[in-house]
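Subject: A structure to look through, with notes

Dear colleague,

Please keep it open while you read.

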Amino acid sequence: MSNVSVENQLSATLLEQTFSIEECNDIETFKKLVAGYVSLDQCVAVLSDFQADCSYIYAGNFGKVFGLPAENSVIDSAFEECIFTKIHPDDLIERHILELNYFQYLKTLPYQDSHKYSTSSRIRTQNTLENCAYINHRTIYLKSFSNGSIWLALCLYSPSADIQPRLGIDGKIVNIETGEIISIEKYKHYQQTLLSKRELEILTLLAKGSSSPNIATLLNISVYTVRRHRQNIIEKMKVANTTEAVKTAMVMGIISI
């Protein structure tokens, strides 16, 4: 799976949510909090607004690793490509998939609790295992709407004290109130049991471009049954439609074509 395809899926998942404009009312408060944190920690912080599709970048001294200017900046994208291009492509794919798992996991929780969890990973900046800088990376969804859509996300980049060479990003979802680590096994278990065998069959056929009547013929079931399964898939995956379900499922590895 290429980084471009994964990033496109992540972008579609986050930017095509249904947003409540009335609830977008306190971003200045978050901007001040993030700027204050960076002035103390000297890390790099990216505050992403998925509704407006823009990001506010706050670069402390650590911003030199990415070649970022010392002053704060705004970019016309909710995704920090100026930083992504400096990250090892394999690690970037894992980072994006971790965030998609994070997004789906939070959909199973009350929306008020989304800010209680974050991702945690260690990523590389260079293209070889022997010649790279290691960075601690976290993503926190700061503000969700009552309909469950994520409005504001915070990504933090800081130097890692763990410089032991190894592959993989050691990605985790962490309860930042209790310190509990939501194990990778739970992600896999959630993914594998999210949909029934029949629902996986139907979602795979949808991903291949089959229509409901064609699927009904192939599986020897009624069109009504296919439509009922499609609705169940949408409800279980907490998405708006089957197109979104296909995109999310492919990136999470639930289905493949």
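Which residues does Leu-106 touch, not counting residues up to four places away in sequence? Before the answer, a word on where the values come from. This is a predicted model, in which local features need pLDDT of at least 70 and side-chain atom pairs count only at pLDDT 80 or more, while totals for chains, interfaces and linings use all residues. Residues are numbered from 1 along each chain as its sequence is written, and side-chain values use heavy atoms, with hydrogens and water left out.

Leu-106 touches Ser-114, Tyr-117 and Tyr-141, where contact means heavy atoms within 4.5 Å. Leu-106 belongs to helix H4, and it is buried, because its relative accessible area is 7% (buried means under 20%, exposed over 50%, and partly exposed in between, with a 1.4 Å probe and protein chains only).

Leaving aside neighbours within four places in sequence, Tyr-105 is in contact with Tyr-117, Ile-173 and Ile-182. Although Tyr-105 and Ile-182 are 77 residues apart along the chain, their C-alpha atoms are separated by 9.7 Å.

For the protein as a whole, there are 9 helices and 8 strands, which are DSSP runs numbered from the N terminus (H or I of at least four residues for helices, E of at least two for strands). A compact globule of 257 residues would have a radius of gyration near 18 Å, and the protein, with 19 Å, agrees with this; the radius is taken over C-alpha atoms, and the globule rule is 2.2 Å times the number of residues to the power 0.38. The C-alpha trace spans about 60 × 45 × 35 Å along its principal axes, and 49% of the 257 residues count as buried. Among contacts with a separation of 6 or more, 61% come from residues 24 or more positions apart.

Next comes a pair of helices. Helix H6 (residues 197-207) and helix H8 (residues 223-237) pack at an angle of about 95°, and their axes are 10 Å apart; the axes are lines fitted to C-alpha atoms over the stretch in contact, and angles run from 0 to 180 degrees between N-to-C directions. H6 and H8 are therefore roughly perpendicular to each other, a label used for 65 to 115 degrees, whereas under 35 counts as roughly parallel, over 145 as roughly antiparallel and the rest as oblique. On the H6 side the contact includes Ile-202 and Leu-206, and on the H8 side it includes His-229 and Ile-233.

Leu-33, in helix H2 (residues 27-41), is exposed, with a relative accessible area of 56%. Gln-42, in the loop between H2 and strand S1 (44-49), has a phi near 65°, a positive value in a residue other than glycine, and it counts as partly exposed at 27% relative accessibility. Asp-170, in the loop between strand S6 (150-159) and strand S7 (172-175), likewise has a positive phi, near 55°, and is partly exposed, with a relative accessible area of 33%.
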